[in-house]
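This report describes how two parts of one chain meet. Please view the sequence and the structure before reading on.

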Amino acid sequence: MTGPSLPTIVRAGRLIVSVCLYAFPARFRRQYGADALTYYVDRVVEAHGRTGVLGVLSLTARDAVSAVAAGLAERGGRGSPSGGPFCYRADVAHGFRSLRRHPGFVLAAAGPVALGVAGVTAVFAVIDIVLLRPLPYPDPDVLVEVGRPLDNGVLAPISTANLIDLEEAIGAFTEVGGVQGGSTLVYDDEGATLEQITRPTRAFMNIVGLDPARGRGFNASEFREPTVAIVTHDLWQRRWGGVTNVLGATLRTDLGDLTVVGVLPRDWIPPEALRGSAGDLWVPLDYSDPIVQRTRAFGFSSGVARLADPSDLGAANEQLRASALALAEAHPSANTENDGTPRMLEARPLHAQTVGQIGDRLGLIFAGVATLLLIACANVANMFLARGADRRREISLRTVLGAGRARLVVQLLTESVVIALIGGTVGCVLAFLSVDTLAAFTPDLPRAGEVAVDMRVTALAAATSVLAGLAFGMVPAWSTSQVDPGRDLTLTALDGTSGQTARAVLVVGQIALTVVLVAGGALLLNSVVRLAMVEVGFETDEIYVVTTRQSPLTDKPASTNYVRTMGDQLAAIPGVSHVSGSMFLPGEGLPVQLEIEHPASGEPLKRWRHSVLPGFFSTVGIPLIAGRDFDPSEGPDDVREIVVSESLADDLWPGESPVGRTLSSSVGQGNLEWVVIGVVADIRNGGPKAEIQGLAYHSWYQDPWMPSMAFLFRYSGDAAALTPALREAAVRADVNVPLTDVSALADRVGENTVEERHYALLLSLFSLIALGIAAVGVYATVTFTVSTRLEEVGIRRAVGAGGADVVALVVRRGLLQAIVGVGLGVVIALLASKILAGLLFEVAPTDPLSFAVVATILVAVAVAASLVPAMRAARVDPLMVLRPR
Amino acid sequence: MRTAEPGSFLPLSPADFQLLLILLDRPRHAYGIAGAVMEQERARVPLELGSLYRILARLDRSGLIEVDTGARSVSAGPRRKIYCITELGRSVATAEAHRLREVLSLAEARLTLDPA
């Protein structure tokens with residue numbers, strides 16, 4: 001928890017008080033405004049010294065309220081400034097007493113404010129860390145990420161060999177480095193576990209200012225055939241239970257035996273831009289490893305650098321461009337794009353890379369919660385107006401007894417600030433409880449682990465509450481304090497006209513804002529429904545995935561043997577059928593392309609290749625249209641077989657049957673001939689949002705080159721019993737091949753649309769709350785209006801109007817407000833819905849159907865909320881109402 | 001300078017009277033006034049901004065106090081206004097004190113006559 005500094009507090013408080021001073025006439029402000037602010041600042045310093053931030057908050061709240069009250073009284077030109085300067089405590093006490101007598105009122109008013117403040121606070125806590133705070137590394141402004149710019153705007157990783165070459169070309173940078181990601185198995189007596197590893201370059205730890213909390217960093221000599229490792233705090237706790245003598249411990253890994261020489265600090269968080277390469281086991285990058293040079297074409301490393309001059313990113317990029325051209329000339333095959341142009345390099349500020357697109361998304365949620373808070377505040381104002389009309393006699397009596405208007409305004413304002421503070425306090429607690437969940441469930445949120453509700457965020461919540469209380473307490477306080485004792489104390493019936501326009505405006509505003517939220521929710525829900533209805537071309541129900549990871553040192557026959565054994569073990573589990581597997585899951589996209597020659601034109605083509613086990617198509621329900629599936633007994637020495645998807649078949653052999661034809665391809669190993677043995681239906685391999693692409697499937701047994709395998713199987717039994725059975729099966733197949741993931745295929749495929757579903761859920765939640773508040777608002781105003789028009793209703797009934805006429809009379813009022821509010825809301829929503837465009841799938845931000853549904857819902861809610869008081873009015877007995885006359 | 005009769009300002013509100021008394025010793029800025037009020041009242045909560053400035057503005061408008069454009073105390077800093085009592089303010093405060101004394105003696109007389 002870090003508290004805000006005194007200057008920050010003073011600035012924030014000054015802002016609040018100077019806004020409140022606008023309650024005074026302009027001449028008064030010109031004469032005393034600056035002096036009054038100085039007076040405030042003098043006491044802030046004193047209050048901060050005495051009672052800290054709480055004292056400052058209390059002082060600010062008191063000065064804000066008193067400035068507004070005195071300002072209004074000054075404008076009104078009457079009364080002394082309250083009955084004396086020291087009555088504030090009395091006002092607060094009176095406010096609490098008066099509110100304590102109406103707990104239902106407090107709940108209905110403060111509840112929505114609490115939700116609004118909780119939302120604003122929690123989202124601000126996230127925004128504060130993610131967007132506003134500098135990255136937690138020394139001189140974060142000079143840090144840049146170095147990568148390969150792609151057409152879609154992404155900065156892709158670069159090859160380790162290129163990164164090493166860049167290390168030497170400094171110039172515009174003070175240091176260049178990076179990390180290569182990867183994984184290794186770690187062996188002990190009980191078997192093997194998989195650990196993600198980070199391979200830093202020599203300069204990396206220096207660039208991000210990282211020193212181990214225990215032990216030492218890497219020596220320059222350890223970047224050749226490394227035998228040492230540094231572990232994260234987490235791995236230290238996980239593997240060694242945090243024992244002190246971890247230094248010197250040995251880890252048996254695929255990289256050989258490694259001696260632990262250091263432990264990273266507990267709170268160190270790797271740069272988010274390197275998220276893919278950040279593991280728990282740090283091993284120096286092996287500069288002498290021949291694989292580094294052989295994999296120059298593959299982006300395995302994330303580059304990070306420090307600029308020599310933070311203001312001159314242009315010079316840095318100029319230099320990187322020259323380096324990229326030099327690399328393309330020295331290693332053309334690895335550094336040339338498909339279209340023959342050299343692969344480029346680019347540096348971008350690390351902070352911007354970390355924040356990425358999340359700024360827009362957070363802006364969207366913030367707009368949502370802020371709207372919710374506005375609706376809640378309008379609701380409070382509305383309730384106070386209605387209550388004020390109820391209290392006219394009390395106020396009149398107090399006026400007669402000598403209370404000045406300023407005193408009354410302060411009193412009434414105090415009540416709404418008390419409501420706002422109750423709401424704000426509860427909201428702050430709710431935010432504190434919910435912020436971790438919000439951070440954890442927001443997809444792709446950078447720096448999620450740092451998010452917390454701290455003093456800075458709490459101060460914002462408090463300021464928001466006070467301002468909300470003042471802003472929305474002003475109208476009812478002013479209107480309610482405007483009494484005419486002569487009239488108000490003699491009239492028997494309530495006067496319904498006072499504050500009626502203000503109430504109608506507030507309800508219309510509430511409905512309009514609700515429309516905006518509900519429209520957003522409806523558009524996103526519509527989009528999510530459409531996404532769910534997309535046919536991906538394969539089944540996911542009752543299909544499970546279990547991923548295993550072999551050591552990369554395993555030879556191909558042993559690896560094949562393991563996969564067959566594991567398949568048999570899985571098939572032996574009761575309830576399991578259709579066991580198969582693939583290197584990459586359907587619906588998750590593919591990383592590898594097959595370079596083939598067009599059979600007719602001979603022109604080279606690249607198509608995605610899918611390495612699967614026999615039985616894959618029947619397991620995930622992809623229909624076989626022609627030919628046959630792969631034969632499990634065929635291995636690398638047999639004729640290479642391939643199954644093509646329907647669209648690839650149409651592409652290569654339009655109108656002809658491809659079965660039995662051959663395809664030539666150049667894979668890493670040289671030219672290969674493939675015989676087409678089957679055609680299967682198309683699938684959306686990139687998930688529901690992706691286009692259908694032509695796919696070439698081949699049998700993993702014919703090319704067993706990756707250590708990781710995702711076994712797929714159908715299972716209809718008890719899901720809870722599955723995981724233990726899978727663990728046993730894995731141990732029986734090979735104790736040194738760990739399970740790395742067990743999940744339902746539906747969940748894995750669902751991750752493609754998690755962002756859409758998340759925001760749809762959030763906005764729907766906001767919409768429901770907003771609808772509830774708006775319904776209460778309409779209900780309260782209509783009920784109040786009815787109570788003030790009972791005499792009119794009685795007279796109408798007496799002269800022969802039926803119950804239906806009365807209902808229509810009352811509902812008409814609610815309906816009118818709803819229609820005006822909906823009209824206004826639709827206009828605002830149409831203007832605002834553009835910010836949703838990136839999240840919508842096959843739904844226009846102006847989708848007429850969604851808007852029609854929203855308008856209907858809002859009108860229906862308003863009518864329903866009016867019906868209750870209307871029915872009550874219809875049952876009015878004219879005699880009872882008119883008798884007092 | 002106003003030529004108003006001090007008696008026309010009476011009775012003063014307790015807050016106005018207290019503020020005039022505080023300025024009798026010496027000119028002060030707003031923070032100094034608040035400090036003196038707190039000391040006299042043994043209050044822990046300082047004068048609220050809105051109340052204080054309405055009183056200051058009203059006394060200023062009536063000519064009972066004025067902003068001393070010449071004086072600038074060392075600790076005052078550049079933007080603090082120094083408020084001081086005018087001759088009229090002094091006379092009004094004196095008149096109010098006389099009035100209060102009369103009220104007090106009246107009260108004492110009655111309380112003595114009718115101890116119940």
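How many Å apart do the C-alpha centres of domain 1 of chain A and domain 3 of chain A lie? They lie 28 Å apart.

## Model and domains

This is a predicted model, in which local features need pLDDT of at least 70, side-chain atom pairs count only at pLDDT 80 or more, and totals for chains, interfaces and linings use all residues. Residues are numbered from 1 along each chain as its sequence is written, chains are lettered from A in the order in which they are written, and side-chain values use heavy atoms, without hydrogens and water.

Chain A has domain 1 (6–133 + 358–486), domain 2 (159–344), domain 3 (508–532 + 754–882) and domain 4 (552–735); such bounds come from an automatic or database domain assignment.

## Extent of the interface

Between domain 1 and domain 3 of chain A, 21 residues of the former contact 21 of the latter (heavy atoms within 4.5 Å). About 2,000 Å² is buried between these two domains, 79% of it from carbon and sulfur atoms; buried area is the accessible area (1.4 Å probe) that two parts lose on being put together, summed over both. On the domain 1 side, Arg361(A), Leu364(A) and Ile375(A) lose the most area to domain 3, together 31% of what that side buries.

## Salt bridge

Domain 1 and domain 3 of chain A share 1 salt bridge (a side-chain nitrogen of Lys or Arg within 4 Å of a carboxyl oxygen of Asp or Glu). The side chains of Arg361(A) and Glu755(A) form a salt bridge at 2.8 Å, N to O.
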